[in-house]
Amino acid sequence: MAVSVFASGCAVNRATATADPSANLDKLRVVQVRKLEGEDGTIQKLIASNLRKRGYEVSEDAKPPEKVDAVVTYVDKWMWDITMYLIELTVTVREPKSDFPLATGNSLHSSLTRLSPTEMVDEVVGNIFKESEKSK
């Protein structure tokens, strides 16, 4: 598990990731990013775009293609501090048939060290793949 925490005054940063030793994310080809109920789809699109840049075939449709190697789910938490910002993001890569979590990443950045949603997605997804590489 990768962990980094910095605390300075009111600034809190935390980035963690875990990967099941049996998970081999390199073998995944087709991934469905499942939209969080009630979310407008912004984070779903950012995660899908990030995975496409990493070479995956990504579906954002509610009905996935016939063969999906993994389902990606997420939880986003937003906070108000002069403007709305993404304070915490958790992304989970799941085995499609059993829903077993193959890998999970989480990042939390308080207001003083906030990142854009694109940067948060890149940090979380990047940490998941780094952790998966370590478990080989």
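Does glutamine 44 count as buried or exposed, and at what relative accessibility? What follows takes up that point and then walks through the sheet, the core and the cavity of this predicted model. Glutamine 44 is buried or exposed, by what relative accessibility? With a relative accessibility of 5%, under the 20% limit for burial, glutamine 44 counts as buried.

This residue is found in helix 1. Leaving out residues up to four places away in sequence, glutamine 44 touches Val33, Arg34, Lys35, Glu39, Glu60 and Tyr74.

Strand 3 and strand 5 run in the parallel sense, joined over three bridges, and valine 31 has alanine 70 of strand 5 as its bridge partner. Strand 5 also pairs with strand 6, this time in the antiparallel sense and over eleven bridges. Strand 5 and strand 6 make a hairpin with one residue between them, and isoleucine 82 in the turn has a positive phi of about 70°.

Attention can now turn to the interior. In soluble globular proteins, nonpolar side chains tend to be buried together. Here, the largest nonpolar core holds 27 residues, and Leu25, Ile47, Leu51, Leu89 and Val93 touch the most other members. At least two residues of this core come from each of strand 3 (30-33), helix 1, strand 5, strand 6, strand 7 (101-109) and helix 2. Helix 2 gives the most, with six residues. Leucine 51 shows how such contacts look in detail: apart from neighbours within four places in sequence, leucine 51 is in contact with Val31, Val33, Tyr56, Val58, Val72, Val125 and Phe129.

Where is space left inside? Rolling a probe the size of a water molecule over the atoms shows where empty space is left. In this model, a search of the whole structure finds one cavity of 30 Å³ or more, and about 90 Å³ of space lies in the largest cavity. The residues that line the largest cavity are Leu28, Val31, Ile47, Leu51, Tyr56, Ala70, Val72, Val91, Val93, Val125, Ile128 and Phe129. Two or more lining residues come from each of helix 1 (42-53), strand 5 (70-81), strand 6 (83-94) and helix 2 (117-134). Helix 2 supplies the largest share of this lining, three residues. By residue class, the lining consists of twelve nonpolar residues, no polar ones and no charged ones.

Some names return across these views. Ile47, Leu51 and Val93 are among the core residues that touch the most other members, and Ile47, Leu51 and Val93 are also among the residues that line the largest cavity.

Technical notes: Residues are numbered from 1 along each chain as its sequence is written. This is a predicted model: local features need pLDDT of at least 70, side-chain atom pairs count only at pLDDT 80 or more; totals for chains, interfaces and linings use all residues. Side-chain values use heavy atoms; hydrogens and water are left out. On a 1 Å grid over the protein atoms alone, a cavity is a set of points where a 1.4 Å probe fits but cannot get out, and a pocket is an open set with protein on both sides within 12 Å along at least five of seven lines; lining residues have an atom within 4 Å of a point. Grid points are joined across faces, edges and corners, and a volume is the space filled by probe spheres set on the points. Helices (H or I, at least four residues) and strands (E, at least two) are DSSP runs, numbered from the N terminus. Ala, Val, Leu, Ile, Met, Phe, Trp, Tyr, Cys and Pro count as nonpolar, Asp, Glu, Lys and Arg as charged, and the others, Gly among them, as polar. A nonpolar core is a set of buried Ala, Val, Leu, Ile, Met, Phe, Trp, Tyr and Cys residues joined through side-chain atoms within 4.5 Å. Buried means under 20% relative accessible area, exposed over 50%, partly exposed in between (1.4 Å probe, protein chains only). Contact means heavy atoms within 4.5 Å. Two strands pair if DSSP finds at least two bridges between them.
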